[in-house]
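Biologist: Hi! Could you walk me through this one while I have it open?
Modeller: Happy to, let's have a look together.

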Protein chains: 2
Amino acid sequence: MTLAELFPAWGKLTPAQQQAVTAAAALRTVPKGTLLYSGPADCLGFLLVRSGQLRVYILSGDGREVTLYRLLPRDLCLLSAACVLRGLQFPVAIEAEKDSELWVLPARQYQQLMEQSAPVANYTNEVLATRFADVMWLVEQILWQRFDKRLAAFLLQESALEGTAALRLTHEAIGRHLGSPREVVTRMLRYFQAEGLVELAHGAVTLTDTARLQTMADG
Amino acid sequence: MTLAELFPAWGKLTPAQQQAVTAAAALRTVPKGTLLYSGPADCLGFLLVRSGQLRVYILSGDGREVTLYRLLPRDLCLLSAACVLRGLQFPVAIEAEKDSELWVLPARQYQQLMEQSAPVANYTNEVLATRFADVMWLVEQILWQRFDKRLAAFLLQESALEGTAALRLTHEAIGRHLGSPREVVTRMLRYFQAEGLVELAHGAVTLTDTARLQTMADG
(Lines give C-alpha, C1' and ligand atoms only; values in the text may rest on other atoms or scores of the structure.)
Protein backbone atom coordinates (compact mmCIF):
# COMPACT_ATOMS: atom_id res chain seq x y z
CA MET A 1 0.00 0.00 0.00
CA THR A 2 1.24 3.47 -0.86
CA LEU A 3 1.20 6.47 1.46
CA ALA A 4 -1.74 7.87 -0.51
CA GLU A 5 -3.77 4.73 0.25
CA LEU A 6 -2.80 4.58 3.91
CA PHE A 7 -3.18 8.20 4.96
CA PRO A 8 -6.87 9.13 5.26
CA ALA A 9 -6.36 12.90 4.89
CA TRP A 10 -4.26 12.44 1.70
CA GLY A 11 -7.00 13.58 -0.69
CA LYS A 12 -7.34 16.84 1.25
CA LEU A 13 -3.67 17.80 0.89
CA THR A 14 -2.57 20.22 -1.82
CA PRO A 15 -0.35 18.74 -4.56
CA ALA A 16 2.61 20.60 -3.03
CA GLN A 17 1.90 19.11 0.39
CA GLN A 18 1.56 15.63 -1.12
CA GLN A 19 4.93 16.04 -2.83
CA ALA A 20 6.59 17.25 0.37
CA VAL A 21 5.22 14.31 2.37
CA THR A 22 6.27 11.80 -0.29
CA ALA A 23 9.77 13.24 -0.34
CA ALA A 24 10.12 13.20 3.45
CA ALA A 25 8.54 9.83 4.27
CA ALA A 26 10.76 6.77 4.52
CA LEU A 27 9.60 3.15 4.36
CA ARG A 28 11.26 1.15 7.11
CA THR A 29 11.19 -2.63 7.51
CA VAL A 30 11.76 -3.97 11.01
CA PRO A 31 11.92 -7.56 12.24
CA LYS A 32 9.73 -8.85 15.06
CA GLY A 33 11.10 -7.86 18.46
CA THR A 34 12.67 -4.55 17.37
CA LEU A 35 12.45 -1.85 20.05
CA LEU A 36 11.42 1.17 17.97
CA TYR A 37 11.00 3.81 20.64
CA SER A 38 11.79 4.10 24.30
CA GLY A 39 10.59 7.57 25.36
CA PRO A 40 10.17 11.23 24.34
CA ALA A 41 13.95 11.67 23.90
CA ASP A 42 13.64 9.44 20.80
CA CYS A 43 12.11 11.91 18.37
CA LEU A 44 11.29 9.13 15.95
CA GLY A 45 8.35 10.69 14.07
CA PHE A 46 4.84 9.59 13.17
CA LEU A 47 4.57 5.94 12.15
CA LEU A 48 2.00 4.76 9.69
CA VAL A 49 1.79 0.96 9.87
CA ARG A 50 1.86 -0.65 6.39
CA SER A 51 2.03 -4.24 7.60
CA GLY A 52 2.72 -6.13 10.81
CA GLN A 53 1.89 -5.11 14.37
CA LEU A 54 3.30 -2.72 16.99
CA ARG A 55 2.85 -2.85 20.74
CA VAL A 56 2.77 0.35 22.82
CA TYR A 57 3.50 -0.25 26.49
CA ILE A 58 4.62 1.36 29.71
CA LEU A 59 7.45 0.21 31.92
CA SER A 60 7.81 0.62 35.68
CA GLY A 61 11.06 1.50 37.43
CA ASP A 62 11.49 -2.16 38.42
CA GLY A 63 10.96 -3.48 34.90
CA ARG A 64 7.28 -4.48 34.94
CA GLU A 65 5.35 -3.84 31.72
CA VAL A 66 1.73 -3.14 30.84
CA THR A 67 0.46 -3.08 27.26
CA LEU A 68 -1.49 0.09 26.44
CA TYR A 69 -2.68 -0.90 22.98
CA ARG A 70 -1.67 -2.44 19.65
CA LEU A 71 -1.25 -0.74 16.28
CA LEU A 72 -2.29 -2.64 13.17
CA PRO A 73 -2.00 -1.88 9.44
CA ARG A 74 -3.44 1.58 8.61
CA ASP A 75 -2.97 2.78 12.22
CA LEU A 76 -1.01 5.97 12.87
CA CYS A 77 1.31 6.03 15.87
CA LEU A 78 1.44 9.45 17.53
CA LEU A 79 3.33 8.76 20.73
CA SER A 80 6.51 8.10 18.73
CA ALA A 81 6.36 11.83 17.82
CA ALA A 82 5.65 13.09 21.35
CA CYS A 83 8.60 15.48 20.94
CA VAL A 84 6.42 17.74 18.77
CA LEU A 85 3.06 17.11 20.47
CA ARG A 86 3.04 19.56 23.33
CA GLY A 87 1.50 18.00 26.45
CA LEU A 88 2.03 14.42 25.33
CA GLN A 89 5.31 13.91 27.18
CA PHE A 90 5.01 10.64 29.02
CA PRO A 91 7.26 7.60 28.93
CA VAL A 92 6.08 4.74 26.72
CA ALA A 93 7.97 2.17 24.70
CA ILE A 94 7.02 0.80 21.28
CA GLU A 95 8.15 -2.51 19.84
CA ALA A 96 7.44 -4.42 16.65
CA GLU A 97 5.43 -7.43 17.76
CA LYS A 98 5.53 -8.94 14.27
CA ASP A 99 7.78 -8.29 11.26
CA SER A 100 6.51 -4.87 10.21
CA GLU A 101 6.71 -2.27 7.47
CA LEU A 102 6.28 1.33 8.56
CA TRP A 103 6.13 4.66 6.84
CA VAL A 104 8.11 7.06 9.02
CA LEU A 105 7.00 10.69 8.73
CA PRO A 106 9.52 13.06 10.35
CA ALA A 107 8.03 14.77 13.41
CA ARG A 108 8.73 18.40 12.46
CA GLN A 109 7.38 17.98 8.97
CA TYR A 110 4.15 16.35 10.14
CA GLN A 111 3.79 19.13 12.70
CA GLN A 112 4.09 21.76 9.94
CA LEU A 113 1.48 19.89 7.93
CA MET A 114 -0.91 19.89 10.93
CA GLU A 115 -0.40 23.63 11.33
CA GLN A 116 -1.20 24.29 7.66
CA SER A 117 -3.96 21.76 7.11
CA ALA A 118 -7.15 21.58 9.18
CA PRO A 119 -7.99 18.10 7.75
CA VAL A 120 -4.63 16.72 8.91
CA ALA A 121 -5.05 18.35 12.35
CA ASN A 122 -8.58 16.93 12.67
CA TYR A 123 -7.48 13.47 11.59
CA THR A 124 -4.68 13.61 14.17
CA ASN A 125 -7.24 14.67 16.75
CA GLU A 126 -9.39 11.68 15.94
CA VAL A 127 -6.45 9.29 16.27
CA LEU A 128 -5.46 10.86 19.59
CA ALA A 129 -9.06 10.57 20.86
CA THR A 130 -9.13 6.87 19.91
CA ARG A 131 -5.89 6.12 21.77
CA PHE A 132 -7.15 8.12 24.75
CA ALA A 133 -10.27 5.93 24.77
CA ASP A 134 -8.09 2.78 24.58
CA VAL A 135 -6.20 3.92 27.65
CA MET A 136 -9.43 4.82 29.47
CA TRP A 137 -10.65 1.29 28.79
CA LEU A 138 -7.44 0.02 30.36
CA VAL A 139 -7.92 2.30 33.40
CA GLU A 140 -11.39 0.88 33.93
CA GLN A 141 -10.09 -2.67 33.55
CA ILE A 142 -7.36 -2.11 36.11
CA LEU A 143 -9.60 -0.28 38.57
CA TRP A 144 -12.80 -2.22 38.44
CA GLN A 145 -12.24 -5.64 36.83
CA ARG A 146 -11.27 -8.82 38.51
CA PHE A 147 -8.22 -10.59 37.13
CA ASP A 148 -10.21 -13.53 35.71
CA LYS A 149 -12.19 -11.13 33.48
CA ARG A 150 -9.08 -9.27 32.37
CA LEU A 151 -7.30 -12.53 31.48
CA ALA A 152 -10.33 -13.91 29.58
CA ALA A 153 -10.65 -10.63 27.64
CA PHE A 154 -6.92 -10.64 26.87
CA LEU A 155 -6.93 -14.23 25.56
CA LEU A 156 -9.94 -13.53 23.31
CA GLN A 157 -8.32 -10.35 21.98
CA GLU A 158 -5.06 -12.19 21.23
CA SER A 159 -6.97 -14.97 19.51
CA ALA A 160 -8.81 -12.43 17.32
CA LEU A 161 -5.55 -10.62 16.49
CA GLU A 162 -3.72 -13.83 15.59
CA GLY A 163 -6.67 -15.48 13.87
CA THR A 164 -6.18 -18.71 15.80
CA ALA A 165 -7.32 -20.35 19.03
CA ALA A 166 -3.81 -21.77 19.59
CA LEU A 167 -1.74 -18.96 21.06
CA ARG A 168 2.03 -19.21 21.41
CA LEU A 169 2.39 -17.25 24.63
CA THR A 170 4.32 -17.93 27.81
CA HIS A 171 2.76 -17.12 31.17
CA GLU A 172 5.51 -14.58 31.64
CA ALA A 173 4.57 -12.82 28.37
CA ILE A 174 0.90 -12.70 29.41
CA GLY A 175 1.99 -11.21 32.74
CA ARG A 176 3.94 -8.52 30.88
CA HIS A 177 0.84 -7.54 28.91
CA LEU A 178 -1.35 -7.36 31.99
CA GLY A 179 1.16 -6.01 34.49
CA SER A 180 0.78 -9.07 36.71
CA PRO A 181 3.35 -11.44 38.20
CA ARG A 182 3.83 -14.72 36.31
CA GLU A 183 2.63 -16.72 39.33
CA VAL A 184 -0.75 -14.96 39.28
CA VAL A 185 -1.13 -15.72 35.57
CA THR A 186 -0.17 -19.37 36.03
CA ARG A 187 -2.64 -19.83 38.88
CA MET A 188 -5.52 -18.34 36.90
CA LEU A 189 -4.65 -20.28 33.71
CA ARG A 190 -4.65 -23.54 35.70
CA TYR A 191 -8.08 -22.62 37.02
CA PHE A 192 -9.22 -21.90 33.43
CA GLN A 193 -7.83 -25.28 32.36
CA ALA A 194 -9.63 -27.08 35.19
CA GLU A 195 -12.84 -25.35 34.05
CA GLY A 196 -12.30 -26.56 30.47
CA LEU A 197 -11.79 -23.06 29.06
CA VAL A 198 -8.22 -23.52 27.84
CA GLU A 199 -5.58 -26.19 27.32
CA LEU A 200 -2.05 -25.47 28.44
CA ALA A 201 1.20 -26.70 26.94
CA HIS A 202 4.78 -25.43 27.17
CA GLY A 203 4.74 -21.85 25.83
CA ALA A 204 1.21 -22.22 24.46
CA VAL A 205 -2.40 -21.60 25.48
CA THR A 206 -5.24 -23.00 23.36
CA LEU A 207 -8.73 -21.60 23.82
CA THR A 208 -11.16 -24.51 23.99
CA ASP A 209 -14.37 -22.74 25.01
CA THR A 210 -14.45 -19.22 23.58
CA ALA A 211 -18.17 -18.81 24.29
CA ARG A 212 -17.65 -19.22 28.04
CA LEU A 213 -14.49 -17.09 27.95
CA GLN A 214 -16.59 -14.39 26.28
CA THR A 215 -19.26 -14.66 28.97
CA MET A 216 -16.54 -14.35 31.58
CA ALA A 217 -14.98 -11.32 29.84
CA ASP A 218 -18.38 -9.60 29.55
CA GLY A 219 -19.74 -10.61 32.96
CA MET B 1 -12.77 37.52 31.47
CA THR B 2 -14.26 37.55 27.99
CA LEU B 3 -14.22 34.68 25.51
CA ALA B 4 -11.53 36.53 23.54
CA GLU B 5 -9.26 36.54 26.59
CA LEU B 6 -9.96 32.93 27.54
CA PHE B 7 -9.72 31.20 24.19
CA PRO B 8 -6.06 30.94 23.05
CA ALA B 9 -6.84 30.54 19.33
CA TRP B 10 -9.15 33.60 19.31
CA GLY B 11 -6.67 35.88 17.51
CA LYS B 12 -6.37 33.34 14.68
CA LEU B 13 -10.11 33.26 13.94
CA THR B 14 -11.56 35.36 11.12
CA PRO B 15 -13.89 38.20 12.18
CA ALA B 16 -16.83 36.14 10.88
CA GLN B 17 -15.77 33.13 12.99
CA GLN B 18 -15.32 35.34 16.06
CA GLN B 19 -18.83 36.70 15.58
CA ALA B 20 -20.32 33.23 15.15
CA VAL B 21 -18.63 31.95 18.33
CA THR B 22 -19.71 34.99 20.33
CA ALA B 23 -23.30 34.53 19.18
CA ALA B 24 -23.36 30.82 19.99
CA ALA B 25 -21.51 30.81 23.32
CA ALA B 26 -23.50 31.05 26.53
CA LEU B 27 -22.17 32.01 29.94
CA ARG B 28 -23.48 29.61 32.57
CA THR B 29 -23.16 29.99 36.34
CA VAL B 30 -23.37 26.79 38.38
CA PRO B 31 -23.23 26.30 42.13
CA LYS B 32 -20.76 23.94 43.79
CA GLY B 33 -21.92 20.33 43.59
CA THR B 34 -23.75 20.62 40.25
CA LEU B 35 -23.49 17.46 38.14
CA LEU B 36 -22.80 18.96 34.70
CA TYR B 37 -22.34 15.85 32.60
CA SER B 38 -22.87 12.16 33.09
CA GLY B 39 -21.80 10.51 29.82
CA PRO B 40 -21.70 10.79 26.01
CA ALA B 41 -25.51 10.91 25.77
CA ASP B 42 -25.31 14.40 27.33
CA CYS B 43 -24.13 16.37 24.32
CA LEU B 44 -23.31 19.36 26.48
CA GLY B 45 -20.64 21.06 24.38
CA PHE B 46 -17.15 22.38 25.01
CA LEU B 47 -16.74 24.13 28.37
CA LEU B 48 -14.29 26.95 28.86
CA VAL B 49 -13.84 27.55 32.59
CA ARG B 50 -14.06 31.26 33.48
CA SER B 51 -13.94 30.80 37.27
CA GLY B 52 -14.28 27.98 39.76
CA GLN B 53 -13.23 24.36 39.40
CA LEU B 54 -14.56 21.23 37.69
CA ARG B 55 -13.81 17.62 38.52
CA VAL B 56 -13.77 14.95 35.79
CA TYR B 57 -14.18 11.43 37.16
CA ILE B 58 -15.14 7.88 36.30
CA LEU B 59 -17.70 5.77 38.06
CA SER B 60 -17.81 1.99 38.45
CA GLY B 61 -20.94 -0.12 38.17
CA ASP B 62 -21.08 -0.37 41.96
CA GLY B 63 -20.74 3.38 42.51
CA ARG B 64 -17.04 3.78 43.24
CA GLU B 65 -15.41 6.93 41.82
CA VAL B 66 -11.92 7.86 40.70
CA THR B 67 -10.93 11.43 39.85
CA LEU B 68 -9.24 11.71 36.44
CA TYR B 69 -8.26 15.38 36.64
CA ARG B 70 -9.45 18.88 37.56
CA LEU B 71 -10.22 21.82 35.28
CA LEU B 72 -9.31 25.29 36.46
CA PRO B 73 -9.93 28.78 35.00
CA ARG B 74 -8.76 28.99 31.34
CA ASP B 75 -9.03 25.19 30.91
CA LEU B 76 -11.11 23.79 28.07
CA CYS B 77 -13.21 20.69 28.78
CA LEU B 78 -13.40 18.37 25.76
CA LEU B 79 -15.01 15.25 27.22
CA SER B 80 -18.28 17.14 27.69
CA ALA B 81 -18.42 17.30 23.87
CA ALA B 82 -17.53 13.64 23.28
CA CYS B 83 -20.64 13.38 21.10
CA VAL B 84 -18.77 15.16 18.28
CA LEU B 85 -15.26 13.87 18.96
CA ARG B 86 -15.15 10.57 17.14
CA GLY B 87 -13.30 7.93 19.15
CA LEU B 88 -13.70 9.72 22.48
CA GLN B 89 -16.78 7.80 23.59
CA PHE B 90 -16.16 6.67 27.13
CA PRO B 91 -18.19 7.23 30.23
CA VAL B 92 -17.04 10.03 32.51
CA ALA B 93 -18.92 12.40 34.76
CA ILE B 94 -18.17 16.08 35.37
CA GLU B 95 -19.19 18.08 38.41
CA ALA B 96 -18.61 21.64 39.60
CA GLU B 97 -16.36 21.28 42.62
CA LYS B 98 -16.63 25.00 43.41
CA ASP B 99 -19.14 27.66 42.36
CA SER B 100 -18.17 28.09 38.71
CA GLU B 101 -18.73 30.24 35.63
CA LEU B 102 -18.44 28.47 32.31
CA TRP B 103 -18.60 29.49 28.68
CA VAL B 104 -20.55 26.75 26.93
CA LEU B 105 -19.68 26.36 23.23
CA PRO B 106 -22.22 24.16 21.45
CA ALA B 107 -20.62 20.91 20.25
CA ARG B 108 -21.59 21.05 16.56
CA GLN B 109 -20.49 24.65 16.19
CA TYR B 110 -17.10 24.03 17.77
CA GLN B 111 -16.71 20.99 15.52
CA GLN B 112 -17.37 23.15 12.44
CA LEU B 113 -14.83 25.64 13.69
CA MET B 114 -12.23 22.87 14.08
CA GLU B 115 -12.93 21.68 10.54
CA GLN B 116 -12.45 25.20 9.13
CA SER B 117 -9.60 26.40 11.28
CA ALA B 118 -6.26 24.62 11.61
CA PRO B 119 -5.30 26.77 14.67
CA VAL B 120 -8.47 25.69 16.51
CA ALA B 121 -7.90 22.04 15.55
CA ASN B 122 -4.27 22.24 16.73
CA TYR B 123 -5.24 23.93 19.98
CA THR B 124 -7.83 21.19 20.58
CA ASN B 125 -5.17 18.62 19.86
CA GLU B 126 -2.90 20.15 22.45
CA VAL B 127 -5.66 20.12 25.08
CA LEU B 128 -6.48 16.51 24.27
CA ALA B 129 -2.79 15.56 24.54
CA THR B 130 -2.55 17.23 27.95
CA ARG B 131 -5.58 15.35 29.30
CA PHE B 132 -4.23 12.12 27.83
CA ALA B 133 -0.99 12.74 29.73
CA ASP B 134 -2.98 13.42 32.94
CA VAL B 135 -4.70 10.05 32.57
CA MET B 136 -1.41 8.30 31.81
CA TRP B 137 -0.01 9.76 35.03
CA LEU B 138 -3.02 8.28 36.83
CA VAL B 139 -2.44 4.88 35.16
CA GLU B 140 1.14 4.86 36.39
CA GLN B 141 0.03 5.88 39.89
CA ILE B 142 -2.52 3.08 40.04
CA LEU B 143 -0.22 0.44 38.58
CA TRP B 144 3.08 1.14 40.23
CA GLN B 145 2.61 3.37 43.26
CA ARG B 146 1.95 2.30 46.78
CA PHE B 147 -1.09 3.80 48.49
CA ASP B 148 0.92 5.91 50.95
CA LYS B 149 2.61 7.71 48.03
CA ARG B 150 -0.69 8.25 46.23
CA LEU B 151 -2.35 9.64 49.35
CA ALA B 152 0.59 11.97 50.13
CA ALA B 153 0.59 13.24 46.52
CA PHE B 154 -3.18 13.76 46.65
CA LEU B 155 -3.06 15.75 49.91
CA LEU B 156 -0.28 18.00 48.58
CA GLN B 157 -2.18 18.56 45.31
CA GLU B 158 -5.37 19.47 47.20
CA SER B 159 -3.46 21.81 49.45
CA ALA B 160 -1.92 23.58 46.42
CA LEU B 161 -5.35 23.82 44.71
CA GLU B 162 -7.04 25.23 47.81
CA GLY B 163 -4.14 27.42 48.87
CA THR B 164 -4.31 26.14 52.46
CA ALA B 165 -2.84 23.39 54.62
CA ALA B 166 -6.20 22.89 56.35
CA LEU B 167 -8.33 20.74 54.02
CA ARG B 168 -12.01 20.21 54.60
CA LEU B 169 -12.24 16.66 53.32
CA THR B 170 -13.89 13.55 54.74
CA HIS B 171 -12.13 10.19 54.47
CA GLU B 172 -14.97 9.06 52.26
CA ALA B 173 -14.39 11.98 49.86
CA ILE B 174 -10.66 11.16 49.68
CA GLY B 175 -11.58 7.55 48.95
CA ARG B 176 -13.80 8.73 46.09
CA HIS B 177 -10.92 10.65 44.54
CA LEU B 178 -8.50 7.75 44.80
CA GLY B 179 -10.90 4.87 44.14
CA SER B 180 -10.18 3.32 47.54
CA PRO B 181 -12.50 2.16 50.32
CA ARG B 182 -12.95 4.63 53.21
CA GLU B 183 -11.40 2.15 55.67
CA VAL B 184 -8.15 2.06 53.69
CA VAL B 185 -8.00 5.87 53.68
CA THR B 186 -8.71 6.09 57.42
CA ARG B 187 -6.04 3.55 58.24
CA MET B 188 -3.39 5.38 56.22
CA LEU B 189 -4.39 8.82 57.56
CA ARG B 190 -4.06 7.53 61.12
CA TYR B 191 -0.60 6.27 60.25
CA PHE B 192 0.23 9.70 58.77
CA GLN B 193 -1.05 11.34 61.96
CA ALA B 194 1.07 9.06 64.15
CA GLU B 195 4.08 10.02 62.03
CA GLY B 196 3.33 13.74 62.55
CA LEU B 197 2.54 14.38 58.89
CA VAL B 198 -1.11 15.44 59.34
CA GLU B 199 -3.62 16.30 62.05
CA LEU B 200 -7.10 14.84 61.81
CA ALA B 201 -10.39 16.34 62.94
CA HIS B 202 -14.00 15.62 61.99
CA GLY B 203 -14.26 16.27 58.22
CA ALA B 204 -10.82 17.89 58.07
CA VAL B 205 -7.19 17.00 57.41
CA THR B 206 -4.44 19.53 58.18
CA LEU B 207 -1.00 19.01 56.66
CA THR B 208 1.57 19.60 59.39
CA ASP B 209 4.77 18.44 57.62
CA THR B 210 4.52 19.15 53.90
CA ALA B 211 8.26 18.62 53.38
CA ARG B 212 8.06 15.00 54.54
CA LEU B 213 4.80 14.46 52.65
CA GLN B 214 6.60 15.70 49.54
CA THR B 215 9.49 13.29 50.14
CA MET B 216 6.97 10.49 50.52
CA ALA B 217 5.12 11.50 47.34
CA ASP B 218 8.39 11.67 45.36
CA GLY B 219 10.06 8.65 46.93
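Modeller: One term before we start: a polar contact here is a pair of N or O atoms within 3.5 Å, and within protein one must be able to donate a hydrogen and the other to accept it. Also keep in mind that this is a predicted model.

Biologist: Thanks. With that rule, how many residue pairs are in polar contact across the interface of chain B and chain A?
Modeller: Four residue pairs, both partners being at pLDDT 80 or more.

Biologist: Which parts of chain B supply the side that touches chain A?
Modeller: Strand S4 (54-59), strand S5 (65-71), helix H3 (107-116) and helix H4 (118-144) of chain B each give at least two residues. H4(B) has the largest share, with 19 residues.

Biologist: OK, and how much area is buried?
Modeller: About 3,300 Å² between chain B and chain A, with carbon and sulfur atoms giving 73% of that. In terms of contacts, 35 residues of chain B touch 35 residues of chain A.

Biologist: How are the two copies related, then?
Modeller: A 180° rotation with 0.0 Å of shift along its axis puts chain B on chain A, at an RMSD of 0.0 Å. The copies are therefore related as by a two-fold rotation axis. In chain B, the C-alpha nearest that axis belongs to B:Ala118, 2.0 Å away.

Biologist: Why do you say the copies meet through the same surface?
Modeller: Because 100% of the interface residues of chain B are also interface residues in chain A.

Biologist: Switching topic: what's the strand order in the open sheet of chain A?
Modeller: The order is S1-S8-S3-S6, four strands with antiparallel pairing. Strand S1 (26-30) and strand S6 (76-77) of chain A are at the edges with a single partner strand each, so one side of each has no neighbour in the sheet.

Biologist: What joins S3 to S8 in chain A?
Modeller: Five bridges, linking residues 46-51 with residues 100-105. A:Val49, for instance, has A:Leu102 in S8(A) as its bridge partner.

Biologist: Back to salt bridges: how many over all chains?
Modeller: The search of the whole structure finds 22. Among them is A:Glu65 with A:Arg176, at 3.7 Å from N to O. A:Glu65 sits in strand S5 and A:Arg176 in helix H6 of chain A, so the pair ties together parts 111 residues apart in sequence.

Methods. Residues are numbered from 1 along each chain as its sequence is written. Chains are lettered from A and ligands numbered from 1 in the order in which they are written. This is a predicted model: local features need pLDDT of at least 70, side-chain atom pairs count only at pLDDT 80 or more; totals for chains, interfaces and linings use all residues. Side-chain values use heavy atoms; hydrogens and water are left out. Copies are superposed by least squares on the C-alpha atoms of residues with pLDDT of at least 70 in both. Contact means heavy atoms within 4.5 Å. Buried area is the accessible area (1.4 Å probe) that two parts lose on being put together, summed over both. A polar contact is a pair of N or O atoms within 3.5 Å; within protein, one must be able to donate a hydrogen and the other to accept it, and residues adjacent in sequence count only if both atoms are side-chain atoms. Two strands pair if DSSP finds at least two bridges between them. A salt bridge is a side-chain nitrogen of Lys or Arg within 4 Å of a carboxyl oxygen of Asp or Glu.
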